Every structure is written in structure tokens, then in C-alpha cells.
Amino acid sequence: VPTRRSSDRWVAKVRLNAEECSEVLKRWVDHLCSQQVNQKSAAILVLLSLGCFTRVARMLHSMRYFDRAALFVDACLEYGAIQINEETNKLIQVVYADYARTLKALNFKQGAVRFASKAGDAGRDLLDEL
């Protein structure tokens, strides 16, 4: 049985052009991420469907899912889904560095070295420690 909200989204998709629909869904993501609702996992799925891969990586990282964020970034880079610019490069380095720290804390030295070396400047000090 469809709920009122799901039927509203369906109507929005049917009646709006692609750009308008995308804007409505992005606002819905903001609503899902609000403190009152706190449904970030659902918001990630919506962002994936919209192709907002950088925002997905940022959200996974902010949720402290360092493993998922690093592997997601790896996949996005492999398939060219994230455009590299100054902003995304900083995000990528931080994601890789935090995952390397997590691996180091778990005594997975080989994996920690791998991701610290991908982290650029953010991973240099960590590489020295390893």
C-alpha cells in the first residue's frame, strides 16, 4: 500500500522535468538528513540514484564509515564517476587517510600502507609511522 509520501514522490517524478525532479529529490535528501528525521542511509540511496557520488562519499565519511567511504571512492575513481578537482581531491585524501588510520589501529599494516600512500599529503605522516 503506497503511503502519501511515496505517492507524492511518484507524482513529482511523473509531472516534473528531470531537472525539477532532481531538485525535489535533493531537497528530500536534506529532509532525510535533518536531525528530526535522521535517515542518512535512505538519503545515500537517493543520492546514488541521482548520481551525486561526491556527496555520497562525503556523507559516508561524515557517518564515520571510513571503510565504505574509501572503497566507494576507489570504485568511483576506477570508473570515472567522480571528477577530480581541488575540493574532491581533499575529500579523497581525507577519506583514504582516515581509513588508513583505522586499518593501522586494527594492526592491518599492509592495508594501512596502501591507503596512506593513496592519501597524498594527508597520509605522509602516517606512512612515516608505519
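**Entry 1: a pair of rings**

I began with Phe 53, which is partly exposed at a relative accessible area of 24%; here buried means under 20% relative accessible area, exposed over 50%, and partly exposed in between, with a 1.4 Å probe and protein chains only. I noted that this is a predicted model, in which local features need pLDDT of at least 70, side-chain atom pairs count only at pLDDT 80 or more, and totals for chains, interfaces and linings use all residues. Residues are numbered from 1 along each chain as its sequence is written, and side-chain values use heavy atoms, with hydrogens and water left out.

I then looked up Phe 72, which counts as buried at 18% relative accessibility. Searching the whole structure for aromatic pairs gave three, where rings of Phe, Tyr and Trp (its six-membered ring) pair if their centres lie within 6.5 Å, and planes under 30 degrees apart count as stacked, over 60 as edge-to-face and the rest as tilted. Phe 53 and Phe 72 make a tilted pair, with 6.2 Å from centre to centre and 55° between the planes. This pair links distant parts of the chain, since Phe 53 lies in helix α4 and Phe 72 in helix α5, 19 residues apart; helices (H or I, at least four residues) and strands (E, at least two) are DSSP runs, numbered from the N terminus.

**Entry 2: Tyr 99 and Phe 115**

Is Tyr 99 buried or exposed? I found that Tyr 99 is buried, with a relative accessible area of 12%, and that Phe 115 counts as buried at 3%. Their ring centres are 4.8 Å apart and their planes stand at 75°, so I recorded the pair as edge-to-face. Tyr 99 belongs to helix α6 and Phe 115 to helix α7, 16 residues apart, and the pair links distant parts of the chain. Tyr 96, Tyr 99 and Phe 115 form one aromatic cluster.

I listed the buried residues of helix α7 (residues 109-118), which are Ala 112, Phe 115 and Ala 116. They cover an arc of only 105° around the axis, which puts them on the same side of α7; the arc is that of the directions from the helix axis to the C-beta atoms.

Which residues have the most contacts inside the largest nonpolar core? In this core of 34 residues they are Tyr 96 and Phe 115, a nonpolar core being a set of buried Ala, Val, Leu, Ile, Met, Phe, Trp, Tyr and Cys residues joined through side-chain atoms within 4.5 Å. I noted that α6 gives the most to this core, with eight residues.
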